[in-house]
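I am opening a notebook on a structure that I have not looked at before. My plan is to look things up one at a time and to write down what I find.

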Amino acid sequence: MSASKPAATGAVMHWFRKGLRLHDNPALLHALSLTDGKNSKTSGAIYPVFVVDPNSYSLLKCSVMRANFLLECVKDLDNSLRERGSRLYVVTGDPVVELPKLWAEFAITHMTHEADETGEPYAVQRDANVKEAAKKAGVSVIDFASETLRPLGNREGGYVANVGGFANNIPTTMSSFQKLLSKIDRGNIPLPLDSPGQDTFPKQAANDLLDMKYRPLQHPCDIPWPRGYSREEIGPVWDRKTADKKTSPIVKGGESLALRQLQKTVTARPDWSASFEKPKTSCTEVSTPSTTVLSPYLSMGCISPRTAWHAVSDANAKASSKTSRSKPPVSLHGQLLWRDFNNLIAHSANAQAPGSWGQIHNNVYCRDIPWSSDPALLTAWKEGRTGYPWIDACMAQLRTEGWIHHLGRHAVACFLTRGDLWQSWEVGAEFFEGELLDADYALNNFNWLWLSCSGFFYQYFRCYSPVAFQKKNDPNGNYVRKWVPELAELPAKYIYEPWTANVSILKKAGVKLGVDYPRPIVDHSVISKENMSKMKDAYDRHKDAEAAAKKSKGKQTSDASEPPKKKAKKSVQSKLK
């Protein structure tokens, strides 16, 4: 944690950002500790605040579904605070502008918040500007790292702190990351902190006028337009008519529902939890998801990763002795470790080149591959009109529920990049950022680097087939029938390859290729081989560039350490004179 200079006696504010929860919230608990009457620096009042900032990562490029999910999280948080005799004060706009207004109105002298350690560019600039404004206003600001299992940076118990304090020293494989974790307090994860009780919040005098102000927003269209951006720059755009259409998100928002989801999927199923292996879960379930679907709650901070970790530990301990125990990285604990690892990589990338994570340029973890740019292919992929039913079904689920199983994400990402369409992973990551309920700055970009073979995973010759891959998992095509209903009547033999069916079969199923459903936009059997050749060429160029850079560096080192003998002799003579 870090702090600025303490200020005079006054009220305390806790600024909620992504950690939209009461449990395991060290920053909130610290704010409350300043109001317990033992601290002479404060008056005993606390003001929990949330700023609906349209320029934040969570809102700048997001679907109306995710915007609504965020508003649900905020409303749930307000309800939980009211149950404890407090409330949430909600304002809209730029935190750098709005927070100082609240500091003045409520006589704030101390503010706490959760740290953003990934180095996400907007958050870095926002926090620096808020800190400067706080200094001018005489407000003491302190932050706490609680977004990951352990702090990412140079803090006590942090990953970077345990590799010598340098972000470029971090492990870059999952196995080496696990070794690092095992060395920090013998691999033990700190226990989560309890939620503050009803008697923890100081009682404040009733103020009917104030109670009518700063209420949570009720509609996505109440969110202001992002500052300094045009319509083309912000991704999904919606109006009230669009926003009022019924949506079907995979889950609804809020800490209360997050804890209920954890109870239902983990605590109540000890044998399932203990034996969970991510690669063995089904990506074609059409009713109940085969995973926990906790990711949207983790991305918004509605649930603490430490709370999830220890819930898994408790459930595993209650599992039958006959149940085989899975281990990281495929176990449920492993999924939380992947999350920390991804966040640490983002932190490291941005520490070495600020703002580089999420892009190709200057990203130390990204290989520069000469992708093409074809708007027509990209649009067909986004809209689920590729002509490959499995790919189009995944994109339809994404648009409808804001979520896809990880194997579905793998398939559509591979298809867009190295597998078939040869489009940059950057445009795929940007689209996912807009559509996913669980969009996460660190995880989303890591996954796209991995799946495009631009970083961390380099077996480019292993390519997901948009046909064969699903035939063995879902031979009847139930998933496709649900999400691509125009193909629902096709026989199973043709459900993944409708173009191989003859006209009479298509007609009987009510399908006319090119009208009811598109023909394939590429021939996978041909284009995938061509793309493998392109990947090999790109890798060869990368290898040559690395060798040249190493040779050049070695020569510079040699030149610096071994100066010409004549110059050295002359230098010695001059000293003797």
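Before the first entry I need a cut-off: a residue is called exposed when its relative accessible area is over 50%, and buried when that area is under 20%. I also note at the start that this is a predicted model.

**Entry 1: the loop between H10 and H11**

I began with Lys280, whose place is in the loop between H10 and H11. The relative accessible area of Lys280 is 67%, so by the cut-off above I count Lys280 as exposed. I then looked up a separation, and found that Lys280 and Val330 are 50 residues apart in sequence, while their C-alpha atoms are 9.1 Å apart in space.

Thr284 also lies in the loop between helix H10 (270–275) and helix H11 (295–300). Is Thr284 buried or exposed? Thr284 has a relative accessibility of 10%, and therefore counts as buried. Leaving aside residues up to four places away in sequence, I find that Thr284 touches Gln470, Asn473, Asp474 and Tyr479.

**Entry 2: Glu83**

With a relative accessible area of 53%, Glu83 is exposed. From Glu83 to Val515 the C-alpha to C-alpha distance is 56 Å, and the two are 432 residues apart in sequence.

How many of the residues of strand E5 are buried? Seven of the seven residues of E5 (residues 108–114) are buried, so I can write that this strand is largely enclosed by the rest of the structure.

Strand E2 (residues 10–16) runs parallel to E5, and five bridges join the two. In this pairing I found Trp15 standing opposite His113 of E5. E5 also pairs in the parallel sense with strand E6 (residues 140–144), again over five bridges. For Met111 I looked up the bridge partner in E6, which is Val141, and for His113 the partner in E6 is Asp143.

**Entry 3: the packing of H13 and H18**

I then looked at helix H13 (residues 332–352) and helix H18 (residues 441–451), which pack at an angle of about 90 degrees, with their axes 8 Å apart. Angles of 65 to 115 degrees count as roughly perpendicular, and therefore I describe H13 and H18 as roughly perpendicular to each other. From H13 the contact is made by Trp338, Arg339, Phe341, Asn342, Asn343, Ile345, Ala346 and Asn350, and from H18 by Tyr441, Ala442, Leu443, Phe446, Asn447 and Trp450. Sorted by class, the contact of H13 with H18 holds nine nonpolar, four polar and one charged residues.

**Entry 4: backbone details**

Last, I went through some details of the backbone. The peptide bond from Pro328 to Pro329 is cis, with omega near 10 degrees, and I place Pro329 in the loop between helix H12 (305–318) and H13.

Asp24 is not a glycine, yet has a positive phi of about 45 degrees. I find Asp24 in the loop between E2 and helix H1 (26–33), and at 0% relative accessibility Asp24 counts as buried.

Trp422, again not a glycine, has a positive phi of about 55 degrees. Trp422 is found in the loop between helix H16 (406–419) and helix H17 (425–435), and with 4% relative accessibility Trp422 counts as buried.

Note on methods. Residues are numbered from 1 along each chain as its sequence is written. This is a predicted model: local features need pLDDT of at least 70, side-chain atom pairs count only at pLDDT 80 or more; totals for chains, interfaces and linings use all residues. Side-chain values use heavy atoms; hydrogens and water are left out. Axes are lines fitted to C-alpha atoms, for helices over the stretch in contact, and angles run from 0 to 180 degrees between N-to-C directions. Helices (H or I, at least four residues) and strands (E, at least two) are DSSP runs, numbered from the N terminus. Angles under 35 degrees count as roughly parallel, over 145 as roughly antiparallel, 65 to 115 as roughly perpendicular and the rest as oblique. Contact means heavy atoms within 4.5 Å. Ala, Val, Leu, Ile, Met, Phe, Trp, Tyr, Cys and Pro count as nonpolar, Asp, Glu, Lys and Arg as charged, and the others, Gly among them, as polar. Buried means under 20% relative accessible area, exposed over 50%, partly exposed in between (1.4 Å probe, protein chains only). Two strands pair if DSSP finds at least two bridges between them.
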